[in-house]
Amino acid sequence: MRFLCVLFLSVAVAAMAAAAPEGRLGVIDADTFDVGGVRVRLHGIDAPEIGQPCQMAGQTQDCGRWARDAVSARFEGVYVRCSQVDVDRYGRIVATCAAGSEDMGAAIVSAGWAWAYRRYSQAYDLDEKAAAVAGRGLWAFEVQQPAAYRASRVRGGAAPDPACNIKGNISSNGRIYHLPGGRGYDRTGINTENGERWFCSITQAEAAGWRAARR
């Protein structure tokens, strides 16, 4: 019995440590880090992907690398403490992180190196608006929102008609429609050769026999 109690306590302590990573920060991209050996996706912000193009004064560059380098110059090697919010589909801990008393999400969005990810949090809404008004960072570029860029990279991810952008997907779960902003929308591609469809309204989708995604 004593052995089981010790084992349970060890597992609980390990789970708590995993849920609250802390340590020296290594920058992967502008919203993803290694913290004390744990991969962390920063909650409430969304940064351009590595390889995502943007333009300034007619010149094209990799905005994902630009944002990563800016965040790295500010935070690489800094000791941070994080608090878990969720775990994403890639197994990364989604967390808020602080370098001393500074909220990293607020600092990154305020500098214009990422956007507030309002789909998941309103915490950095005002920080983004301040960066936009001042024209800081990404606000000086012509650049696509990361979620839209990711969707365009999925085969069949971009709607031929922007007014008809509801995805009618067919999977082992049946005929499911996904609305823009939904959890599975960005990673869902539409293959019309397999009977999948684009819909212009929820009414149209449901009349055709598709049902709403659960999330």
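User: Which strand does Asp-62 lie in?
Analyst: Asp-62 lies in strand β6, which covers residues 59-62. Keep in mind that this is a predicted model.

User: Thanks! Is Asp-62 buried, partly exposed or exposed?
Analyst: Its relative accessible area is 22%, so Asp-62 is classed as partly exposed. Buried would mean under 20%.

User: And what is Asp-62 in contact with, leaving aside its neighbours within four places in sequence?
Analyst: Glu-49, Ile-50, Gly-51 and Gln-52 are the residues in contact with Asp-62 once those neighbours are set aside. For Gly-51 there is a further detail: its backbone nitrogen lies 2.9 Å from a polar atom of the Asp-62 side chain.

User: Where is Gly-168 relative to Asp-62, by C-alpha atoms?
Analyst: The two C-alpha atoms are separated by 33 Å, and the residues are 106 apart along the chain.

User: Let's switch to Asp-31. Where does that one lie?
Analyst: Asp-31 lies in a loop, with β1 (22-29) on one side and β2 (32-35) on the other.

User: Buried or exposed?
Analyst: Asp-31 counts as buried, because its relative accessibility is 5% and the cut-off for buried is under 20%.

User: What does the side chain of Asp-31 make a polar contact with?
Analyst: The side chain of Arg-41, at 3.4 Å. Leaving aside neighbours within four places in sequence, the residues in contact with Asp-31 are Val-40, Arg-41, Leu-42, Ile-45, Asp-46 and Ala-47.

User: OK, sheets now. What is the strand order in the open sheet of four strands?
Analyst: The order is β14-β12-β13-β15, and the pairing is mixed. At the edges are β14 (197-199) and β15 (211-212), each of which pairs on one side only.

User: Mixed how? In which sense do β12 and β13 pair?
Analyst: Strand β12 (residues 166-171) pairs with β13 in the antiparallel sense, over five bridges. These two strands form a hairpin, and two residues sit between them. If you want a pair to look at in the viewer, Ile-170 has Arg-175 in β13 as its bridge partner.

User: And in which sense do β13 and β15 pair?
Analyst: β13 (residues 174-178) and β15 pair in the parallel sense, over two bridges. There, Tyr-177 stands opposite Ala-212 in β15.

User: Remind me, what do strands of a sheet pair through?
Analyst: Backbone hydrogen bonds, in either a parallel or an antiparallel arrangement.

User: Helix α5 next. Which of its residues are buried?
Analyst: In α5 (residues 146-153), the buried residues are Pro-146, Tyr-149 and Ala-151.

User: What covers those buried residues of α5?
Analyst: The cover includes three strands: β4 (45-46), β5 (53-56) and β10 (115-116).

User: Zooming out, how many helices and strands does the chain have?
Analyst: There are six helices and 15 strands. The C-alpha trace spans about 65 × 55 × 25 Å along its principal axes.

User: And what share of the chain counts as buried?
Analyst: Of its 215 residues, 38% count as buried. The chain exposes about 11,800 Å², with carbon and sulfur atoms supplying 54% of that area.

User: What share of the contacts with a separation of 6 or more comes from residues 24 or more positions apart?
Analyst: Those residues account for 59% of such contacts in the chain.

User: Last one: how many positive and negative side chains are there?
Analyst: The chain has 25 positive and 22 negative side chains, and the centres of the two sets lie 6 Å apart.

Definitions and conventions: Residues are numbered from 1 along each chain as its sequence is written. This is a predicted model: local features need pLDDT of at least 70, side-chain atom pairs count only at pLDDT 80 or more; totals for chains, interfaces and linings use all residues. Side-chain values use heavy atoms; hydrogens and water are left out. Buried means under 20% relative accessible area, exposed over 50%, partly exposed in between (1.4 Å probe, protein chains only). Contact means heavy atoms within 4.5 Å. Two strands pair if DSSP finds at least two bridges between them. A polar contact is a pair of N or O atoms within 3.5 Å; within protein, one must be able to donate a hydrogen and the other to accept it, and residues adjacent in sequence count only if both atoms are side-chain atoms. Accessible areas come from the Shrake-Rupley method with a 1.4 Å probe; for residues, only the protein chains shown count as cover. Lys and Arg count as positive and Asp and Glu as negative; His and the chain ends are not counted. The place of a charge is taken as NZ of Lys, CZ of Arg, CG of Asp or CD of Glu.
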